[in-house]
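Subject: Structure handover

Hello,

Here is the structure you asked about. Please open it alongside this note.

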4 protein chains.
Amino acid sequence: LIRTAIIGASGYSGMELLKILSSREDIALEYVFANSNAGKYISEIIPSMQSELDMRFENYDAGLINSLDIVFVSLPSGESMKIVPGILSKGIKVIDMGGDFRLKEPLMYEQYYKFEHSHRELLSESVYGLSEIYHDEIANADLIANPGCYPTSILLPLIPLLKNGIISPHNIVINSLSGVSGAGKKESFDCSFTEVNENIRAYKISDHQHVPEIKQVLEKEINNKVSFTFIPALVPITRGIHTTIITDMQIQLKEHDIYDSYKNFYGNSSFIRLRKNPPNIKDVVNTNFCDIYLKADLKNNKLVLISVIDNLLKGAAGQAVQNMNILFNLPESFGFIKKEKHYV
Amino acid sequence: LIRTAIIGASGYSGMELLKILSSREDIALEYVFANSNAGKYISEIIPSMQSELDMRFENYDAGLINSLDIVFVSLPSGESMKIVPGILSKGIKVIDMGGDFRLKEPLMYEQYYKFEHSHRELLSESVYGLSEIYHDEIANADLIANPGCYPTSILLPLIPLLKNGIISPHNIVINSLSGVSGAGKKESFDCSFTEVNENIRAYKISDHQHVPEIKQVLEKEINNKVSFTFIPALVPITRGIHTTIITDMQIQLKEHDIYDSYKNFYGNSSFIRLRKNPPNIKDVVNTNFCDIYLKADLKNNKLVLISVIDNLLKGAAGQAVQNMNILFNLPESFGFIKKEKHYV
Amino acid sequence: LIRTAIIGASGYSGMELLKILSSREDIALEYVFANSNAGKYISEIIPSMQSELDMRFENYDAGLINSLDIVFVSLPSGESMKIVPGILSKGIKVIDMGGDFRLKEPLMYEQYYKFEHSHRELLSESVYGLSEIYHDEIANADLIANPGCYPTSILLPLIPLLKNGIISPHNIVINSLSGVSGAGKKESFDCSFTEVNENIRAYKISDHQHVPEIKQVLEKEINNKVSFTFIPALVPITRGIHTTIITDMQIQLKEHDIYDSYKNFYGNSSFIRLRKNPPNIKDVVNTNFCDIYLKADLKNNKLVLISVIDNLLKGAAGQAVQNMNILFNLPESFGFIKKEKHYV
Amino acid sequence: LIRTAIIGASGYSGMELLKILSSREDIALEYVFANSNAGKYISEIIPSMQSELDMRFENYDAGLINSLDIVFVSLPSGESMKIVPGILSKGIKVIDMGGDFRLKEPLMYEQYYKFEHSHRELLSESVYGLSEIYHDEIANADLIANPGCYPTSILLPLIPLLKNGIISPHNIVINSLSGVSGAGKKESFDCSFTEVNENIRAYKISDHQHVPEIKQVLEKEINNKVSFTFIPALVPITRGIHTTIITDMQIQLKEHDIYDSYKNFYGNSSFIRLRKNPPNIKDVVNTNFCDIYLKADLKNNKLVLISVIDNLLKGAAGQAVQNMNILFNLPESFGFIKKEKHYV
């Protein structure tokens, strides 16, 4: 039995963690911490959980967690770094869902997150939890920095093609469309129904805090400079990310061969699906899949990549559980995909 | 030239007023007061107005309005009653968009609005601005209490049939579905996209502050007691109200005859449309119409009424302008409906 | 191993059946019949199933199903009655998702479904599959007529109160709001995004084909006449039904006592949840729950009931699987709810 | 009085034309042709027009239009070319809303529209109706090919910068997001609510029929080759287009200077608005504006352009009326913008 707790359990990602973890027989979810809702039953905040899980949210108390195996932290940026060192010092593993341990360069926090990092020593220790790419490091990590939702949708299609030299590391253009749950559970005029509905709005063009995260991973993977323009936009859907990436082809390959290159790269991965037609967001909502499609525009020497994920699952709670599975030596898809059937 | 100002001009109803008033040649919109946005240009808050109206929002200052003819007040409940007496004392007419002057019985404010009314003397003076019903009183009023959005959609179909004795004043069941703009422009978790989208939620069942407003008007009209159950619900649309009313028929009439009874009652009204099929909300959005449909269920002796309005126009700013037209002896539809064409 | 097949597997209810049945270890889904998509892989029609279930849709062929235990039929009205007798004659059990075997009175098919029933002898044999009410009959049935989505949301809150005499069987008013998937998977102008979005439209007022279904069940349960007015409306959401029922109280009870009456009635049911606040549709989407809320309006002697379900699960495929569980002597919630936790 | 008719008046663009034209005092809308709805009153098909315009749709009859000044044609691709020559031969001016007369190279019709053009001689005569760019040619045209919705949103931001040499004519990446009304009024599974809602789907990547239209205009304007990748996608909104264009800067300019360059170029235009923040689709819905925003990414030498329009107005019916205004020597904004106010 894996003994665990969630810190920050009443936000949207925390709620998804709650649902996944509470449904598993091999996991004991001992505490659900949520200071803002401490004392309330889960079902008061998340009525859909009524009669499924009847725990109370509690104030976070470091003294309670001593005997746990792993803790999931789902707090706003800048909050996590205050408590994670204490948890690690108890010998408990941590999967942090926020950005506090993703970047290796402390100054990036000042530039993009607007805070000074108080535990820089952990930045070199933390393992970036992009499951399909860093499986082995994750398996041995104490602190996993779970990737951001946009970066997950961007890195998974880009890394194989960059590593294989199929596309150029420069002149990459990324347009990502995100559902509103990506902004978190909060009172906000910008996220009110009347502002979002029947609307589309780009924001933080090239300034988004996920820019250094994407850059750091891509440059590490190819050991070279990478340049891209990233344009996120908010669309009137609750869940999901739709990412379109336009790249310069460096090697003239047929689409079929590029798909093969993905197959070789992601051969063992449960959650990467290669798609023959442009994928719909709804094909992946409520799943941990990342669907990838490609289309060559040979006349312009361009390769267009499209990926879709559920921002709360593969982009947050789902990938966190995938990482926990890796940490505890379980199949990555344990608890996600039921049985494999192969009728043809 | 009618000289006017809006107090509370940056909310959703205020914005609609801005658009209607600024488009009219016969109106001089002298000030747009909005304390929360004072100093900003309208287009900073309402980008759709850029290059159409380039005024600045100002802090409300009673000293500025002395020479105006009429003022529109669009403030949260309990705020309007603090400033309206001062405006009236200058001899300026007021159309109040909120609830502060709608109810005749002061105690109702304590029960439903949770505040004590500070200017009870005005409650008997104010005229309820349901344009089609109180045209003559409105024409002579100093203070017009513009009706609530739900009551407008409910009173217009009910009053003619109650007055004619076609339906019973008891056992009335009212289900109203409202778009989210009805809740006003504010930061609110309940009105966030992620909570409203793909969802429906009933609220304030039989406790809504519009209950005493509806009751007061119906009972005045038939000079008798009326009883009804009112169930409002929030639906994932931005604008519009869809009201379904189920009543007991007192006189067995054919549907055609009941339509005729409406035609006789509303003969001169520009904004009442009788519909042969259940009306869509989208048929009236961005208009000042109230569409009414009826269906007799003779087996059960029931008459079903359906009405739809745009909550921000006929349910707020549109009816306010209609009332201003009445006050200034203009055709009710002035500024709304361009020209009448009758090709057949 | 329960051997089964779905006939009509590519519609919205069929798709949900596919997902539930293919995820269960104890079920062998041998065939997925869908004449309109015969020859195609499931993932071509339902991309979200890619890498989860790789069967092909086939043309229905009675010769293939001889050794099955149970067949799910999800066909348009009037189609099912043509093939079900043949399946039953092979000794195979049938759960029919459509309306063809729900009504006992053959003439009702002519009036409400506009076809003449070709197998009237089966109408008296079929068992109405409202799981919580007819558990014992279902357990022994050969042909289960799975209830309609609206009736499920209406009957579950009404039956206990009518049987206990708490509410009157007359003067019942029912307003149901349905998501668009309830209309099925088809090309239809009325169900196009541009027509449904930002809109609400009532339809088939008191003429809906679910009216005789509701009436038949209620009258059977109380062995007396029942009268109600039913007003369905289409709302811009994909899944879910929100039903509001206004009834006359016959016995003056406190809300708490009426909740207790439900608890007594539904004591053993996994899927009925009593709610203290008006339920949201999103609380039950993607689940098999029916959430019920009540509010007494003592001044008017009215009791308001609100229920919400997922129209494709508790209103179709979920209840069908619940019925299969009953048939095969499994816990009703088998395959739906993982484990029960009771921390307090 | 301008005497006119609409051919294809019951589609979404036709409906907008109907509303604009019928509201103008200076226009006599003599006929509304719509073969599929011939004989019906406008209000039967467009209930929102009830009591505003009570004409009947008629079958198109060339004999009826002899005395008209101008005709608007809003028919599916390939239909318009069959009737326009006949109309022109009567000396009547034509504004064609479809693609039949936009392309100069007949073979492009075979490649992108999949039909052979039957009146190639008109392709050289027709004037491309991008109002802000081709004002003078439009003023003297007999046949105006009204631009496509995507091209309008793409050409208006690109042309000034390409002509000024600020950006490179190569390596342009265009992502356009379109509301569903852009697909026209039809029965279509792909445009059904259940498929579009909570979803995003790219389509026709680099194959869209608007690609040759965009290319032809840009290359004519700079008299040189242009290369771009165009990725359209469908988003769950009814109206509006949001276009993001990423270009290579050729001259290092400050954002402020590029805005100035737009101001110089579009100095007299009523419908171009330069925006300081990323524009929302909702800022332009129900207007004829095209809002343009730009952001320099100097590190990557990129210039990001964002434009938004209402696809049915500036992208169709609105621009058509703007072109009619030009043809009849009226101010471009006549009938759109009421009065200009300049309080500061």
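How many residues does the contact take from chain A and from chain D? It takes 41 residues from chain A and 41 residues from chain D. Please keep in mind that this is a predicted model.

**Chains A and D**

Start with the area. Chain A and chain D bury about 3300 Å² between them. Carbon and sulfur atoms carry 57% of that.

Now the polar side of the contact. There are 4 salt bridges across the interface of chain A and chain D. One of them joins the side chains of A:K295 and D:D207, at 3.2 Å from N to O. Polar contacts between chain A and chain D come to 23 residue pairs, with both residues at pLDDT 80 or more.

Which elements of chain A supply at least two residues each to the side that touches chain D? The strands are strand 8 (172-178), strand 9 (201-202), strand 10 (228-234), strand 11 (241-248), strand 13 (290-297) and strand 14 (302-309). Helix 8 (193-196) of chain A belongs on that list too. Strand 11 of chain A gives the most, with 4 residues. By type, the residues on this side of chain A divide into 18 nonpolar, 12 polar and 11 charged.

Next, the symmetry of this pair.

**Chains B and C**

This pair has its own set of numbers. Here 41 residues of chain C are in contact with 41 residues of chain B. The two chains bury about 3300 Å² between them, and 57% of it is on carbon and sulfur atoms.

Chain C and chain B share 4 salt bridges. Among the side chains that meet this way are B:K295 and C:D207, at 3.2 Å from N to O. Between chain C and chain B, 23 residue pairs are in polar contact, both residues at pLDDT 80 or more.

On chain C, the elements that each supply at least two residues to the side touching chain B include helix 8 (193-196), strand 10 (228-234) and strand 13 (290-297). Strand 11 of chain C gives the most to that side, with 4 residues. The residues there divide into 18 nonpolar, 12 polar and 11 charged.

What rotation superposes chain C on chain B? It is a rotation of 180° with 0.0 Å of shift along its axis, and the RMSD is 0.0 Å. The two copies are thus related as by a two-fold rotation axis. In chain C, the C-alpha nearest this axis belongs to C:P236, 3.4 Å away from it. Interface residues of chain C are 100% shared with chain B as interface residues, so the copies meet through the same surface.

**Two single residues**

Look at A:S80 first. A:S80 is in helix 3 (residues 80-89) of chain A. Is A:S80 buried or exposed? Its relative accessibility is 1%, so A:S80 counts as buried. The side chain of A:S80 makes a polar contact of 2.6 Å with the side chain of A:D96. Leaving aside neighbours within four places in sequence, A:S80 is in contact with A:V73, A:L75, A:D96, A:D100 and A:F101.

Then go to D:L156. D:L156 sits in helix 7 (residues 149-163) of chain D. D:L156 has 0% relative accessibility and therefore counts as buried. Which residues does D:L156 touch, not counting those up to four places away in sequence? They are D:L130, D:E132, D:I133, D:P151, D:Y262, D:Y266, D:I272, D:C290, D:I292 and D:K314. Take D:E132 from that list. D:L156 and D:E132 are 24 residues apart in sequence, and their C-alpha atoms are 8.0 Å apart in space.

Best wishes

Key. Residues numbered from 1 in each chain as written. Chains lettered and ligands numbered in written order. Predicted model: local features only at pLDDT ≥ 70, side-chain atom pairs only at ≥ 80, totals over all residues. Heavy atoms only, no water. Buried < 20%, exposed > 50% of the residue type's maximum accessible area, 1.4 Å probe, protein only. Polar contact = N/O pair within 3.5 Å; in protein donor to acceptor, adjacent residues only side chain to side chain. Contact = heavy atoms within 4.5 Å. Least-squares fit on C-alpha atoms with pLDDT ≥ 70 in both. Buried area = accessible area lost by both parts, 1.4 Å probe. Nonpolar A, V, L, I, M, F, W, Y, C, P; charged D, E, K, R; others polar.
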